[in-house]
Amino acid sequence: MAEPIVLGIESTCDETAAAVVQGRTLLSNVVASSMEEHARYGGVIPELASRAHAEAFIPVVSQALAQAHLDLSDLDALAVSAGPGLSGCLAVGVSGAKALAYAAHKPLYGINHVIGHVAVTQLQFGSFPSNTLALIVSGGHTSLLRINDIARSIDLVGTTLDDAAGECFDKIARLLGFPYPGGPFIDRHAKRGNPHAIRVPQGLTQGRSAVQHPYDFSFSGVKTAVARWLEEENGQGRTIPVDDVCASLADSVASVLARKAIKGCQNYDSSTLIVGGGFSANSQLRAKLTEYGQKEGIEVRIPRIDLCTDNGAMVAMLGVNLVQAGCKPSSDDFPIDSSMSMTTVVMD
């Protein structure tokens, strides 16, 4: 069959996004963010995010189709993030996508937003080799996945037991007085600091916990340790070495993520590691993964920055995979699932 053309729609958190993909070619990619509106509150406010999605939905979708020089009748299918994410935000995107699909008489796939972060790398690196592992790192998710078949079969190898990497960064950033989102500020300051200045623990890497959870992640202890250190220093009236704090935190988190991901590749005999999610834009993590991968002979595929954060391209790319695999579209009344399992690729 000819390369399918799919419109992807994303609205899981604070980005309203739409993109059109044909085969492995990105025809358009439009993102409207409500981040600035949330920044003054120090985090995403679900009600504000939902309202922003409702206001941006039609303009964003219209612009994505216009940039691709297409209209709804030219599409082979639509895909929309059905979870995981904020319920109200998901509801806006899914209801809008259902209306478009119904009006245009086109099939619709309600997809797993996290698996979309894996699929989007195909736009830059091409198809997946067999037996590929994927490390997904974002504000709310840190997961290690085995990609047997991107359209049909995903195995969960490891996951976050408490705070995800992005959550840990945001919480420490708040204590350091950085605005929301704090990740980019920690990244910037870490480049100027000493990564060995402060002893930061590395969760689930020592003793019994490392044996019981070889591929799981825990960043709650990291957050607590750094928070207590800052509290003690402030209590003694000492000047906080912000660059060193950021560098030590970033090095600890990046080391754990890279070490466990590469170890997973070795254990599962995988020569390729896919990396995705907003936190994969972190420069310390990108450098550490590249270093460990080169040392162990594992190809690490990290997408360019604009494909790391939430976008419609990742939704459309997963949709293309589902169409090409001959997967059945989602039912007309498929629900949203704010806590969708990592092993669910598409809603029935």
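## Strands, cysteines and a packed helix

Strand β5, residues 108–112, is largely enclosed by the rest of the structure, because 5 of its 5 residues are buried. This description rests on a predicted model. Strand β4, which spans residues 77–83, pairs with β5 in the parallel sense over 5 bridges. Within this pairing, Leu 78 has Leu 108 of β5 as its bridge partner. Between the two strands the chain passes from β4 through helix α3, residues 87–104, to β5, and this β-α-β crossover is right-handed.

Strand β4 is itself largely enclosed by the rest of the structure, because 7 of its 7 residues are buried. It also pairs with strand β1, residues 5–10: the two run parallel and are joined by 4 bridges. Here Val 6 stands opposite Ala 77 of β4.

The bridges named in this report are collected below.

| Residue | Bridge partner |
|---|---|
| Leu 78 | Leu 108 in β5 |
| Ala 134 | Leu 145 in β7 |

In general, the strands of a sheet pair through backbone hydrogen bonds, in either a parallel or an antiparallel arrangement.

The cysteines form a separate topic. The structure holds 0 disulfides. For Cys 89, the closest cysteine sulfur is that of Cys 13; the two sulfur atoms are 6.2 Å apart, which is too far for a bond, because a disulfide requires sulfur atoms within 2.5 Å. Cys 89 is also buried, with a relative accessible area of 1%. Cys 246 is likewise in no disulfide, and the nearest cysteine sulfur, in Cys 168, lies 11 Å away. Cys 246 counts as buried at 1% relative accessibility, because the term applies to values under 20%.

A further sheet is open and consists of 5 strands in the order β8-β7-β6-β9-β10, with mixed pairing. Its edge strands are β8 (153–159) and β10 (299–301), each of which pairs on one side only. From one strand to the next, the twist averages 25 degrees. Within this sheet, strand β6 (residues 132–137) and strand β7 (residues 142–149) run antiparallel and are joined by 6 bridges. One of the residues involved is Ala 134, whose bridge partner in β7 is Leu 145.

Helix α10, residues 242–267, packs on the sheet and touches β6, β7, β9 (272–276) and β10; its direction makes about 160 degrees with that of β6. The helix has 26 residues and reaches 38 Å from its first C-alpha to its last, close to the 38 Å expected at 1.5 Å a residue. Because 19 of the 26 residues of α10 are buried, the helix is largely enclosed by the rest of the structure. After α10 comes Asp 269, whose phi is positive, near 55 degrees.

Key. Residues numbered from 1 in each chain as written. Predicted model: local features only at pLDDT ≥ 70, side-chain atom pairs only at ≥ 80, totals over all residues. Heavy atoms only, no water. Buried < 20%, exposed > 50% of the residue type's maximum accessible area, 1.4 Å probe, protein only. Pairing = 2+ DSSP bridges. Right-handed = clockwise from strand over helix to strand, strands pointing away. Axes fitted to C-alpha atoms, helices over the stretch in contact; angles between N-to-C directions. Contact = heavy atoms within 4.5 Å. Expected span 1.5 Å × (residues − 1).
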